[in-house]
Amino acid sequence: MTDTRVPTRVPVLVVGGGTVGLAAALFLGRHGVPALVVERQPGPMQHPRALGVNERTMELFREAGLEEAVRAASVRPRTAVWKDSVPTLAESAFPPVGGHLDFRNPALAAVTPVEVVGNCPQDRIDALLLPAARAAGATVRYDAAVTSVESRSDGAVARFADGSTVHADFVVAADGASSTVRRGLDIAVQGPGVLGVPKMNIVFRADLYGRFGSVPFMTDITAPGAWAVLITVDAAERWMLHVDFDPEAGQGPEDFTDERCAELVRAAIGDPAVDVEVLSAAPWRLTAQVAERFREGRVFLAGDAAHTIPPLGAFGMNTGIADAHNLAWKLAQVLHGGAAEALLDTYHTERHPVAAFTLRQAMLRLRHPALHWNPFAGAQRQEAGVANTPVVHLGYRYDSAAVVDGCAELPSTEDVAACLDGTPGSRLPHHWVTRAGERISTLDLATARWTLLAGPDGGDWCDAAAEQAEAAGLDLAVHRIGDAGAQTQDPTADWTRVAGTGPAGALLARPDGFVAWRAQDAVPDPGRTLSTVLSTLLGRPDLEGSRGAQ
């Protein structure tokens with residue numbers, strides 16, 4: 001690295017400046033931890049790569065103030081057809097354009113405050129994350145190739161291709177499926193591994209809507225010699241074509257010149273005269289693997305470095321962003337002295353099972369694709385072991401030392417609302433309330449900090465929590481749902497029913513919005529109960545039995 005402004009000692013070094021790395025830096029910055037992000041590429045990647053953003057990721061963008069920007073950058077293909085199969089586009093009989101593809105899932109309105117309105121290409125997401133991460137305090141450097149990372153008892157040392165080094169308290173490796181960091185630490189991967197032959201992802205510009213009137217979001221091209229998958233990128237003129245190549249037959253990425261790519265595109269379209277502009281081409285492999293461990297001392301794996309998930313279901317990028325969100329608050333708590341370092345062990349304990357579950361679901365979808373695309377195939381999904389997509393995105397649960405009485409077992413693989421019932425380890429239930437005249441979600445109340453949400457008769461919990469926060473030096477917000485500060489927006493929607501507590505009960509949400517602990521009713525000594533809970537969650541014996549300020 002030749003940039004003399006790059007520090008030689010940082011609290012957190014993020015290796016990899018793609019979507020997950022930038023998200024990690026943004027989330028760390030929001031917790032008061034300035035990260036250094038280093039990326040071996042000369043600049044942000046312009047290739048669109050992944051397209052699908054799920055509701056949990058939109059919740060995280062909402063928390064970070066990016067929800068509206070991502071919505072504005074999202075696209076809705078001009079078609080009513082999700083997927084079709086034709087020999088070539090010229091031999092298709094697609095219906096004329098009649099509106100746009102509807103990404104919204106009305107069944108999710110009761111469980112999340114966000115709405116996914118379309119796809120958002122990954123290059124557009126990165127273009128939003130980069131300035132947001134920098135505004136949150138991150139330093140991002142390109143042309144900075146890490147060659148090795150060594151974990152030590154007092155931190156980690158990263159060495160770069162130019163011979164320079166950076167010392168960090170902790171390292172987040174978000175450097176992709178072929179992670180240099182993971183391989184250097186000799187962390188094995190588990191799972192099926194590479195599936196099938198390599199593919200080339202060709203991004204091109206063409207007026208296919210003008211030529212055909214309507215094109216499905218995804219089209220399997222089946223003509224002999226033209227097999228490919230066509231996907232719309234921007235609902236206007238940018239498209240992706242995925243084609244196979246076989247190294248054993250002497251084929252390689254270098255064979256895909258712009259001329260050859262244009263020929264392949266025209267063959268899939270079925271019109272040799274169509275005007276095609278090739279924008280970029282990148283090889284990739286369908287891979288299914290999970291690293292055997294996500295932590296090695298002071299180094300943590302995230303995103304594709306930790307798990308590589310086949311694309312059907314749009315699980316990969318979204319799972320990586322959730323990794324970053326889970327890890328960021330834990331690193332911040334330890335770096336700020338609010339928690340013992342043992343809290344960091346819960347990153348692997350929590351995220352590894354989620355990644356393994358998500359990978360299994362992606363593999364099942366490869367075998368049973370119709371069960372993914374058909375929203376009414378609940379019975380068939382259950383028979384095949386396929387979880388409904390919203391459950392995969394939102395319904396997973398944690399069982400670790402960072403949850404009191406957690407339960408990772410899902411009550412349903414079909415009904416996501418049943419999974420979001422306030423059980424410790426699940427994502428905090430969404431419920432609309434009015435606060436200071438504004439209609440907001442309970443998820444908005446529990447944003448990037450510890451938060452206690454009590455029922456309308458849970459005033460004792462609120463008082464005890466305020467005392468405990470002062471005694472422990474914690475940033476802990478307190479809200480009583482149903483009082484004058486957070487009135488229920490809809491009187492027919494009962495917060496205690498949603499949260500699984502009585503009117504005098506309470507939930508404690510972690511800074512990542514997951515339920516850490518729940519009391520279903522009042523107790524004789526709420527202060528002592530909360531001190532024990534916080535001591536357990538944070539690994540701080542000094543909090544045990546604390547009664548707060550006297």
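Biologist: Why is Arg205 called partly exposed?

Modeller: This is a predicted model, and every value I give is computed from it. Arg205 has a relative accessibility of 29%, and since buried means under 20% and exposed means over 50%, with partly exposed in between, Arg205 counts as partly exposed.

Biologist: What makes the contact between Arg205 and Glu277 a salt bridge?

Modeller: The N to O separation between the two side chains is 2.7 Å, and because a salt bridge asks for a side-chain nitrogen of Lys or Arg within 4 Å of a carboxyl oxygen of Asp or Glu, the pair Arg205 and Glu277 qualifies.

Biologist: Which other strand is joined to S8, and by how many bridges?

Modeller: Strand S11 (residues 238-244) is joined to S8 by seven bridges, and these two strands run antiparallel. Within this pairing, Met200 stands opposite Val243 in S11.

Biologist: What is the order of the strands in the open sheet?

Modeller: Seven strands make up the open sheet, in the order S3-S9-S10-S11-S8-S12-S15, and the pairing is mixed.

Biologist: Why are S3 and S15 said to stand at the edges?

Modeller: Strand S3 (83-86) and strand S15 (307-308) each have a single partner strand, so one side of each is left without a neighbour in the sheet. For S15, two bridges join the strand to S12, antiparallel, and since at least two bridges are what pairing requires, S12 and S15 count as paired. The bridge partner of Val290 in S15 is His307.

Biologist: Let us return to charged residues. What makes Glu350 and Arg510 a salt bridge?

Modeller: Their closest N and O atoms are 2.6 Å apart, and because the limit is 4 Å, the contact between Glu350 and Arg510 is a salt bridge. Here too the pair links distant parts of the chain, since Glu350 belongs to helix H9 (residues 345-367) while Arg510 lies in the loop between strand S21 (506-509) and strand S22 (515-519), 160 residues apart.

Biologist: Are these two residues buried or exposed?

Modeller: Glu350 has a relative accessible area of 1% and Arg510 has 0%; buried means under 20%, so Glu350 is buried and Arg510 is buried as well.

Biologist: Why is Glu67 called buried, and what is Arg62 called?

Modeller: Glu67 has 10% relative accessibility, which is why this residue counts as buried, given that the cut-off is under 20%. Arg62 has a relative accessible area of 22% and is therefore partly exposed. Glu67 forms a salt bridge with Arg62, the closest N and O atoms being 3.0 Å apart.

Biologist: How many salt bridges does the structure hold, and which residues are linked in a network?

Modeller: The structure holds 30 salt bridges, and a network of salt bridges links Arg295, Arg298, Glu341 and Asp345.

Biologist: What makes the phi of Arg49 worth a remark?

Modeller: Phi of Arg49 is near 55°, a positive value in a residue other than glycine. Arg49 lies in the loop between strand S2 (35-38) and helix H2 (55-63), and with a relative accessible area of 24% Arg49 is partly exposed.

Biologist: Why is Asp186 called exposed?

Modeller: Its relative accessibility is 64%, and exposed means over 50%, so Asp186 counts as exposed. Asp186 is found in the loop between helix H5 (180-184) and S8, and has a positive phi of about 60° although it is not a glycine.

How values were computed: Residues are numbered from 1 along each chain as its sequence is written. This is a predicted model: local features need pLDDT of at least 70, side-chain atom pairs count only at pLDDT 80 or more; totals for chains, interfaces and linings use all residues. Side-chain values use heavy atoms; hydrogens and water are left out. Helices (H or I, at least four residues) and strands (E, at least two) are DSSP runs, numbered from the N terminus. Buried means under 20% relative accessible area, exposed over 50%, partly exposed in between (1.4 Å probe, protein chains only).
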